[in-house]
Amino acid sequence: MLVLLVIALTTSGCIVESGRSEQSRAIGEKVSCPVKPDPGIRTTARIGYQEVTNGDLIVKDTSLLQACMPNAKITWSKFSSGGDVLQGFKARSLDIALLGSAPAARALSAPLDIDMKVVWIQDVIGKAESLVVHDPAIRTMDQLRGKKIAVPFASTSHFSLLTALNRAGITDQVTLMNTQPDAMLAAWGNGIDAAWVWDPVLSKLKANGHVIDDSGVTAEQGAPTFDLEGARSDFVAQNGPFLKYWTVAQNWAVNLLNTDKQKAAIHIASQLSISPDQVTPQLAGYKYLTARDQLDGKYFGSQGAESGLSTALTSTATFLHTTPDGGVSTVSAPQVYRDGLFTDALKEVAQ
């Protein structure tokens, strides 16, 4: 069991120290907790993050969780995609982590049936996830017949790609390759004809390719996708104060994203080891929601009631169930997806 756990950690995520990178420390800015800190919180939290341009990277870069909960023990682990996060949840090597709405729908469905809660919407995905094609002659989806398309399976990009292929009627006429973002670069144009992916890899592929579809388009056609924060249900039940302060930190980061994109880009850039000028254009591909925004009926709505997010998770699971390589063998009852939303911390912070 110990050997398997070590393998899981080394293949799925890289554990890093909590807080700011060496590059970000050079900025010299210290961020105070936006509310009165609580030194009484002594939670041990294993947080999974991805290199996605949203508030999670800002919270990590500013060490805001430490400022708000100085006696909590926090470790951050980097993951390549939501599929890897699901492995971490299944192995119980993670407490709370970023994953897309498609992986979250899989988690709440068979065969995984992971006992988890969605506690936060990191972002609503638009053009930030796109289908980029290597051959300049290919301009429409139907021209991808016979081509090899790379995508991380069980990700929001995977769901958007399946939606677009189904719409074009060519799902069974292309070859899908389960490829993590970093691995796409080496095979671009030499084994991979197209890829649906997010930044920073998306921008690198676009240097020798062009976009023909994106997740903003598929959202308008009834298949919205989100980057979400999931947490194991037992962790949620046992760590209410931690989740409140975690939500405070994320809400502060969203406000920064919506009011001072330049400063937000500096923090995100330090975590991605790129320049802020490269980050700023990426922010336009997402919509960032405050805690109050997220309680709208279009998203979380009220605890246990039908909401836009629970409906989206149900429809996503249903679509994945009917699609080859979707990863859902049985769609759960709608109540399972409703019960999978946790709003207590949101309501406290939104007051």
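A: Axes are lines fitted to C-alpha atoms, for helices over the stretch in contact, and angles run from 0 to 180 degrees between N-to-C directions. Helices (H or I, at least four residues) and strands (E, at least two) are DSSP runs, numbered from the N terminus. The model is a predicted one, in which local features need pLDDT of at least 70 and side-chain atom pairs count only at pLDDT 80 or more, while totals for chains, interfaces and linings use all residues. Residues are numbered from 1 along each chain as its sequence is written, and side-chain values use heavy atoms, with hydrogens and water left out.

Q: At what angle do helix 7 and helix 16 pack?

A: The angle between helix 7 and helix 16 is about 65°, and their axes are 11 Å apart. Helix 7 passes helix 16 in a left-handed crossing. A crossing is left-handed if the near helix is turned anticlockwise from the far one by less than a right angle, and right-handed if clockwise.

Q: Which residues meet there?

A: From helix 7 come Phe159, Leu162, Thr163 and Asn166, and they meet Thr316, Phe319 and Leu320 of helix 16. Contact means heavy atoms within 4.5 Å. The residues of this contact divide into four nonpolar, three polar and no charged. Here Ala, Val, Leu, Ile, Met, Phe, Trp, Tyr, Cys and Pro count as nonpolar, Asp, Glu, Lys and Arg as charged, and the others, Gly among them, as polar.

Q: Is Thr163 buried or exposed?

A: Thr163 counts as buried, because its relative accessibility is 12%. Buried means under 20% relative accessible area, exposed over 50%, and partly exposed in between (1.4 Å probe, protein chains only). Leaving aside its neighbours within four places in sequence, Thr163 is in contact with Thr218, Ala223 and Phe319.

Q: How many aromatic pairs are there?

A: The count is six aromatic pairs. Rings of Phe, Tyr and Trp (its six-membered ring) pair if their centres lie within 6.5 Å; planes under 30 degrees apart count as stacked, over 60 as edge-to-face and the rest as tilted. One of the pairs is formed by Phe159 and Phe319, edge-to-face, with 5.5 Å from centre to centre and 80° between the planes. This pair links distant parts of the chain, since Phe159 belongs to helix 7 (residues 156–168) and Phe319 to helix 16 (residues 308–321), 160 residues apart. Both Phe159 and Phe319 are buried.

Q: Why is the pair of Phe226 and Tyr299 edge-to-face?

A: The planes of Phe226 and Tyr299 stand at 90°, with the ring centres 6.4 Å apart, so the pair is edge-to-face. It too joins distant parts of the chain: Phe226 lies in strand 11 (residues 226–232) and Tyr299 in the loop between helix 15 (291–294) and helix 16, 73 residues apart. Phe226 and Tyr299 are both buried.

Q: Changing topic, which strands make up the open sheet of five?

A: The order is 8-7-9-6-10, with mixed pairing. Two strands pair if DSSP finds at least two bridges between them. The edges are strand 8 (175–178) and strand 10 (210–214), each of which pairs on one side only. From one strand to the next, the twist averages 30°.

Q: How many bridges join strand 6 to strand 10?

A: Strand 6 (residues 129–133) and strand 10 run antiparallel and are joined by four bridges. Val133 stands opposite His210 in strand 10.

Q: Which strands of the sheet does helix 7 touch?

A: Helix 7 packs on the sheet and touches strand 6, strand 7 (148–151), strand 8, strand 9 (194–198) and strand 10. The direction of helix 7 makes about 135° with that of strand 9.

Q: Why is strand 5 described as largely enclosed?

A: Nine of the ten residues of strand 5 (residues 116–125) are buried, so it is largely enclosed by the rest of the structure. Strand 5 pairs with strand 11 in the antiparallel sense over seven bridges, and Ile121 stands opposite Leu228 in strand 11. Two bridges also join strand 5 to strand 12 (residues 286–287), again antiparallel, with Val124 opposite Lys287.

Q: How do helix 13 and helix 14 cross?

A: The axes of helix 13 (residues 261–272) and helix 14 (residues 276–283) come within 8 Å and cross at roughly 115°. The crossing is right-handed. Among the residues in contact are Ile266 of helix 13 and Leu283 of helix 14.
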